[in-house]
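Please look over the sequence and the structure first, and then read on.

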Amino acid sequence: MTATTEHSERFTLLRPLLFTIAYEILGSATESDDVLQDSYLHWSRVDLAIVRDTKSYLAQLVTRQAINAVRAGSRRREDYVGPWLPEPLLISEQDAVTDVVLAESVSMGMLVLLETLTPDERAIFVLHEVFGFAYDEIGSAIGKSANAVRQMAYRARAHVRARRNRFGPVDSARTADLTERFLAAATTGDLSGLLALLAPDVAFTTDSGGKVSAAGPRARGAQDVATIVIDVFHMVGRVPGLRLESATYNHTPAIAIYDGDRQEAACLLESADGRITNLYIIRNPDKLAPLAVPRAITRSDPTVHRP
């Protein structure tokens, strides 16, 4: 086996894991693909004789590249037109179905929350809490001591828990039922039925990037959100060519809006105590395009199953 072939085989074997790490740090499948491409270019020049643990080495490499991408993209986020939401993900494999931690970590609500952390805090939280990397491994990836990483991990964990204390594990069955009832009320203009499904302080966020129209980019409160939702979803049945389809994004039941064969929007719900707390609408066509490609995500290391 040539060195080039071995580089490729090792990287390909771990690609789903590496993509998941990058996606959870970046919140973008497109940017994660770019990070993996850049990481492979670096990896292809590495002397494999010095690599003791391929998984750890590549995870650290991808983490460094992802953090660099976050910092490089910070100005683009500042100049972004309207609210910014993570890119939704169409998942091809079933790891998230049985892995509760993985399902929660890629949920839209968690990705939105992780955006409130610094790049280093986000990487530390993802690598330690989701993937179980040791503090010294993470320190090597971000250029900090294990003790500094431990302290940052504590702060990041406290930050996340304080803002997720209302939420339990992702419950796909309950979310599917809530999504179905939401869709029925919204498309029929049932205001009272919709209000019964919304939490009093429900938030509505639309990410269009200024590239398409967006009804109420931000709204809060059941009455205001219900009014916007009915205007948007009730319209679908009255405009020729527009249609709604059930979908699953980020391991969560969701709604896709199409105009003919072109996807116009992805709608993801977040709930607590049986009521919808957040509605995320992605309209930016650049963020919808990647939904045409299913992605494999995982927390597991396939190399542990090799003889």
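Predicted model: local features only at pLDDT ≥ 70, side-chain atom pairs only at ≥ 80, totals over all residues.

In which helix does Ser192 lie? Ser192 belongs to helix H11, which is made up of residues 191-195.

## Domains and recorded features

The chain is divided into domain 1, which takes in 2-79 + 118-166, and domain 2, which takes in 172-291. Where these two domains meet, four residues from domain 1 and six residues from domain 2 take part in the contact. The C-alpha centres of domain 1 and domain 2 are 32 Å apart.

Two features come from the UniProt record. An unreviewed entry there gives residues 13-75 as "domain: RNA polymerase sigma-70 region"; this span is 81% helix and 0% strand, and its end C-alpha atoms are separated by 34 Å. The record, again as an unreviewed entry, places "domain: RNA polymerase sigma factor 70 region 4 type" at residues 112-159; here the end C-alpha atoms lie 13 Å apart, and the span is 77% helix and 0% strand.

The buried residues of H9 are Val149, Met152, Ala153, Ala156, Arg157, His159, Val160 and Arg164. Because these residues cover an arc of only 160 degrees around the axis, they are on the same side of H9. An α-helix has 3.6 residues a turn, so residues three or four places apart point the same way.

What covers the buried residues of H9 includes helix H5 (100-105), helix H6 (108-114), helix H7 (119-130), helix H8 (135-142) and strand S5 (262-272). On the face of H9 that is turned away from its buried side, the exposed residues are Tyr154 and Arg161.

Ala146 is also found in helix H9, and with a relative accessibility of 28% this residue counts as partly exposed. Leaving aside neighbours within four places in sequence, Ala146 is in contact with Tyr135 and Asp136; the C-alpha atoms of Ala146 and Asp136 are 4.6 Å apart, while the two residues are ten residues apart in sequence.

## Tyr80 and its contacts

Tyr80 sits in the loop between helix H3 (54-79) and helix H4 (95-98). If residues up to four places away in sequence are not counted, Tyr80 touches Asp207, Ser208, Gly209, Asn284 and Lys287. With one of these, Asn284, the side chain of Tyr80 makes a polar contact at 2.7 Å, and this contact joins side chain to side chain. Tyr80 and Gly210 are 130 residues apart in sequence, yet their C-alpha atoms lie 8.0 Å apart in space.

Ser192 and His159 are separated by 33 residues in sequence and by 35 Å in space, taken from C-alpha to C-alpha, and His159 is among the buried residues of H9.

Conventions:
Residues numbered from 1 in each chain as written. Heavy atoms only, no water. Buried < 20%, exposed > 50% of the residue type's maximum accessible area, 1.4 Å probe, protein only. Helix = DSSP H or I, 4+ residues; strand = E, 2+ residues; numbered from the N terminus. Arc of directions from axis to C-beta. Contact = heavy atoms within 4.5 Å. UniProt positions renumbered as here; feature names shortened; annotations may be inferred. Polar contact = N/O pair within 3.5 Å; in protein donor to acceptor, adjacent residues only side chain to side chain. Domains from an automatic or database assignment.
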